[in-house]
Amino acid sequence: MSTVSGSAEKVAVIVPAAGKGERLGPGAPKALRALGGSPLLVHAVRTLAAAPSVGLVMVAAPPDAAGVAEVQRLLADLPGDTRVVAGGASRQESVALALAALPAQYSMVLVHDAARALTPVDLVEAVAGAVRAGAPAVIPVLPVADTIKAVAGDLVTATVDRSSLRAVQTPQGFTRDLLAKAHAAADPHAPATDDAGLVEALGLPVRTVPGHAEAFKITTPFDLVLAEAVLRRRR
Ligand code: CTP
Ligand code: MG
């Protein structure tokens with residue numbers, strides 16, 4: 001295993017950023033929308049580039065020529081080794097395309113949503129550290145605060161026991177071999193919403209670490225308001 005002299009082996013981070021942001025409403029692709037004056041993607045990549053464990057950030061950009069060019073332009077101003085590939089029609093496809101473009105030297109990979117723009121660097125380090133410590137698949141999770149019920153139409157069919165449920169975040173961390181194997185076995189017609197799901201589908205274990213409230217995914221206009229408030233408090 002290659003190591004950087006005097007320090008731990010670095011990880012590559014894949015950043016799926018090719019989504020349209022339909023739930024955010026009409027406008028540019030979500031990763032390119034502004035939060036506190038900078039695109040969501042820039043917030044996310046800045047944090048990743050500042051994480052001591054991270055050696056490379058590979059962004060899956062909105063697949064049209066304008067999207068790729070815009071992401072290239074944004075990354076040129078950021079520190080660290082950052083690269084761009086055109087993303088795909090699903091998140092799963094975007095991750096697979098970025099994974100295929102990773103240099104051979106990286107044996108550990110994180111996958112981190114551009115939409116989780118305010119994720120703290122400590123969470124990135126915790127996930128990378130758990131993979132480095134020997135866990136082949138690691139995800140950050142939080143307990144579920146709301147009562148959860150199953151429904152059929154507008155009728156409740158069951159109240160689900162919340163105590164064993166967790167809400168899942170990114171970055172998710174993997175050995176590169178396992179992530180590649182999981183994506184190779186994935187069904188492109190029924191794409192998974194996270195990468196750990198593909199590992200579970202292989203029947204292999206996924207380890208959890210504590211997530212962070214500020215790693216929430218910006219999905220709706222309300223989430224953007226929340227993110228602006230988090231950013232103001234930080235500044
Ligand atoms: N993503 C991607 N490629 C896709 C779809 C999604 O890289 N074809 C990325 C998004 O850019 C985002 C992450 O996956 O960073 C999580 O997806 P989501 O929150 O669903 O973002 P969007 O797909 O952009 O939003 P929406 O589903 O509301 O359109
Ligand atoms: Mg989506």
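Tutor: Gladly. Keep in mind that this is a predicted model. Let us begin with helix α1, which is largely enclosed by the rest of the structure because eight of its eleven residues are buried.

Student: Which residues of α1 are the buried ones?

Tutor: They are L40, L41, V42, H43, A44, V45, T47 and L48. Each of them carries the label because buried means under 20% relative accessible area.

Student: What makes a set of residues a nonpolar core?

Tutor: The residues must be buried, be of a nonpolar type such as Ala, Val or Leu, and be joined through side-chain atoms within 4.5 Å. The largest such core here has 31 residues, and V15, L41 and V59 have the most contacts inside it. Two or more residues come from each of β1 (11-16), α1 (40-50), β4 (54-61), α2 (65-76), β6 and α4. The most come from α4, which gives five residues. A second, separate core has 24 residues, L102, V109, V141 and A186 among them.

Student: Which residues is V15 in contact with, leaving aside its neighbours within four places in sequence?

Tutor: V15 is in contact with L41, L48, V57, M58, V59, A60, H112, D113 and A114.

Student: Why is T119 called buried?

Tutor: T119 has a relative accessible area of 2%, and the label applies under 20%, so T119 is buried. T119 is found in the loop between β6 (108-111) and α4 (121-132). Beyond residues up to four places away in sequence, T119 touches T47, H112, T170, P171, E214 and A215.

Student: How do you know that the side chain of T119 makes a polar contact with the backbone oxygen of R116?

Tutor: The side chain of T119 reaches that oxygen at 2.8 Å. A polar contact needs N or O atoms within 3.5 Å, so the distance passes.

Student: Why does P103 count as buried?

Tutor: P103 has a relative accessible area of 17%, which is under 20%, so the label holds. P103 sits in the loop between α3 (91-100) and β6. Leaving aside neighbours within four places in sequence, P103 is in contact with L56, M58, R83 and R176.

Student: And I218, buried or exposed?

Tutor: Buried, because I218 has 1% relative accessibility. I218 lies in the loop between β12 (207-210) and α7. A31 is 187 residues away from I218 in sequence, with 9.6 Å between their C-alpha atoms.

Student: Why is V225 called exposed?

Tutor: V225 has 53% relative accessibility, and exposed means over 50%, so V225 qualifies. V225 lies in helix α7 (residues 221-234). Together with F222 and L226, V225 forms a nonpolar patch on the surface, with about 300 Å² of accessible area together.

Student: What makes the pair D113 and R91 a salt bridge?

Tutor: The closest N and O atoms of D113 and R91 are 2.8 Å apart. The rule asks for within 4 Å, so the pair counts. D113 is in the loop between β6 and α4 and R91 in helix α3, 22 residues apart, so the definition of elements places them in distant parts of the chain. D113 also meets R116 in a salt bridge, at 3.1 Å from N to O. Both R116 and D113 are buried. R91, D113, R116 and D195 are linked in a network of salt bridges.

Student: How do the labels of E214 and R234 come out?

Tutor: E214 has 14% relative accessibility and counts as buried. R234, at 43%, is partly exposed, because that label covers the range between 20% and 50%. The side chains of E214 and R234 meet in a salt bridge at 2.8 Å, N to O.

Student: How many salt bridges does the rule give?

Tutor: The count comes to seven.

Definitions and conventions. Residues are numbered from 1 along each chain as its sequence is written. Chains are lettered from A and ligands numbered from 1 in the order in which they are written. This is a predicted model: local features need pLDDT of at least 70, side-chain atom pairs count only at pLDDT 80 or more; totals for chains, interfaces and linings use all residues. Side-chain values use heavy atoms; hydrogens and water are left out. Helices (H or I, at least four residues) and strands (E, at least two) are DSSP runs, numbered from the N terminus. Buried means under 20% relative accessible area, exposed over 50%, partly exposed in between (1.4 Å probe, protein chains only). A polar contact is a pair of N or O atoms within 3.5 Å; within protein, one must be able to donate a hydrogen and the other to accept it, and residues adjacent in sequence count only if both atoms are side-chain atoms. Contact means heavy atoms within 4.5 Å. Patches are made of residues with over 30% relative accessible area and no salt bridge: like charges are joined within 9 Å, nonpolar side chains (Val, Leu, Ile, Met, Phe, Trp, Tyr) within 5 Å. Accessible areas come from the Shrake-Rupley method with a 1.4 Å probe; for residues, only the protein chains shown count as cover.
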